[in-house]
Amino acid sequence: MKLPVFRAPAHHTGVTSRVGTWLGITFGLCFVTGLLSHGVQHDWPWPTRPVDLYRVTQGVHVISGVASIPLLLAKLWSVYPKLFERPLVRSVPHALERGSILVLVAASFFELATGLFNAAQNYPWSFYFPTTHYAVAWIVVGALLVHIAVKIPRIRRSLEPASTEKTVLSRRAFLRTTALTTGVAVVATAGVTVPWLRKVSVLAWRSDGGLPVNRTAKAANVVVPQDWRLRAGTKSYSLAELQAMPQTTVELPIACVEGWSQNATWTGVRISELIDAQGDVRVESLEKDGLYRATTLPEAFARDPLTLLALRLNGEELSPDHGYPCRLIAPNRPGVLQTKWVTSLEVR
Ligand SMILES: Nc1nc2c(c(=O)[nH]1)N[C@H]1C(S)=C(S)[C@@H](COP(=O)(O)O)O[C@H]1N2
Ligand SMILES: [Mo]
């Protein structure tokens, strides 16, 4: 069998190394911010300030993930002639190296595809997304470190200035196209979290200016009883009693793990005025069996003056979908932990 010969500039190792370096940066950012997001949802120490920190880290997570998609495709395009190299396996280390690349590519595709679907709020699979996405991230990182370690000498050599002007120019053209495609992908989606990009982000979720609803009261099966009262430790309050208490107004974002985020103005009662938080506070909702029906508010957050049991959103009474009669809003906390339809607070 005669094997094809590949001479296109895109297949030059200089191109592969450069795109690989960019991809290394976006993967690195994506991994670190993903790790932080996992941590904050698993009781790792997490500060209450800056209030927008999670909004930024999760925005970077989704944006670097989106940027990685065209970069990974360009990188694979650049190296696919290697599939035609013979002999298939030259030695044991060579076999291991090729095997690790197979794992790396498969795991990377899995992460980028599931992440993209997640950002689009689409879950066409039966596994539990956060656990699987998190576990496979470690496979990517492990395989990536092996890959980089093996390739370092080649990367070094290939990034040195190349010889002929003409091929250098066409290599640059491929790199420019890759960069441009990546830029378009980022701009088309980053508006989910970067307010001034909202208008140009054609693929991004777009609101009518209001705060999006993640899970509606109907979907959550929430019915507020006529005689609803908030239980807070040993005390209890009717809605009218909560409304009669001193009200605080704060401007805080909902920063969803799915990548979108938006600021809003919240008015309500400070959690610290409702319960003496000598420890973490368990926040339960009226939802019977949703995955996010209850959360634990660490003590520092429960005592924070910006942490409210919100009764109003942007000047109006909370709508059922945003958590009527009351919902938790705290600084620097993922949206998934900003419990709606709160019915009890209890110190753990
Ligand atoms: N009880 C309850 N609270 C919840 C949820 C939920 O499913 N059940 N979803 C959370 C998620 S994932 C997000 S992003 C925010 C969104 O708040 P919003 O719908 O008011 O914008 O609510 C959070 N609070
Ligand atoms: Mo969310």
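This briefing goes through the domains, the ligand site and several individual residues of the structure above. The model is predicted. The domain assignment divides the chain into domain 1, residues 9-197, and domain 2, residues 230-347. Ligand 1 has 19 residues around it, and the protein covers 99% of the 540 Å² of accessible area that this ligand has on its own.

**Domains**

- The centres of domain 1 and domain 2, taken over C-alpha atoms, are separated by 37 Å.
- The two domains touch: 22 residues of domain 1 are in contact with 23 residues of domain 2.

**Ligand 1**

- Among the 19 residues around ligand 1, those that come nearest are Pro212, Asn214, Glu287, His322 and Lys340.
- The shell around ligand 1 is made up of nine nonpolar, six polar and four charged residues.
- Pro212 takes part through its backbone, where a polar atom is 2.6 Å from an oxygen atom of ligand 1.
- His322 takes part through its side chain, with an N or O atom 2.6 Å from an oxygen atom of the ligand.
- Arg327 has a polar side-chain atom that lies 2.9 Å from an oxygen atom of ligand 1.

**Thr26**

- Thr26 belongs to helix 1, which spans residues 13-40.
- The relative accessibility of Thr26 is 11%, and because buried means under 20%, Thr26 counts as buried.
- A polar atom of the Thr26 side chain lies 3.1 Å from the backbone oxygen of Leu23.
- Beyond its neighbours within four places in sequence, Thr26 is in contact with Ser64, Ala67, Ser68 and Leu71.
- From C-alpha to C-alpha, Thr26 and Arg198 are 22 Å apart in space, and they are 172 residues apart in sequence.

- His94 sits in helix 3, residues 92-119.
- With a relative accessible area of 10%, His94 is buried.
- Not counting residues up to four places away in sequence, His94 touches Pro87, Leu88 and Val89.
- Pro87 is placed in the loop between helix 2 and helix 3.
- The peptide bond that joins Arg86 and Pro87 is cis, with omega about 0°.

**Pro50**

- Arg49 and Pro50 are joined by a cis peptide bond, with omega about -5°.
- Pro50 is found in the loop between helix 1 and helix 2, the latter being residues 53-79.

**Ser238**

- Ser238 is in the loop between strand 2 (235-237) and helix 6 (239-244).
- The relative accessibility of Ser238 is 18%, so this residue counts as buried.
- Leaving aside neighbours within four places in sequence, the contacts of Ser238 are Trp228 and Arg229.

**Residues with positive phi**

- Asn314 is not a glycine, yet its phi is positive, at about 45°.
- The loop that holds Asn314 runs between strand 7 (308-313) and strand 8 (316-317).
- Asn314 has a relative accessible area of 42%, so it counts as partly exposed, between the limits of 20% and 50%.
- Trp341 is not a glycine either, and has a positive phi of about 55°.
- Trp341 lies in the loop between strand 9 (327-329) and strand 10 (342-347).
- The relative accessible area of Trp341 is 3%, so Trp341 is buried.

Note on methods: Residues numbered from 1 in each chain as written. Chains lettered and ligands numbered in written order. Predicted model: local features only at pLDDT ≥ 70, side-chain atom pairs only at ≥ 80, totals over all residues. Heavy atoms only, no water. Near = heavy atom within 4 Å. Polar contact = N/O pair within 3.5 Å; in protein donor to acceptor, adjacent residues only side chain to side chain. Areas by Shrake-Rupley, 256 points an atom, 1.4 Å probe, with all protein chains shown as cover. Nonpolar A, V, L, I, M, F, W, Y, C, P; charged D, E, K, R; others polar. Helix = DSSP H or I, 4+ residues; strand = E, 2+ residues; numbered from the N terminus. Buried < 20%, exposed > 50% of the residue type's maximum accessible area, 1.4 Å probe, protein only. Contact = heavy atoms within 4.5 Å. Domains from an automatic or database assignment.
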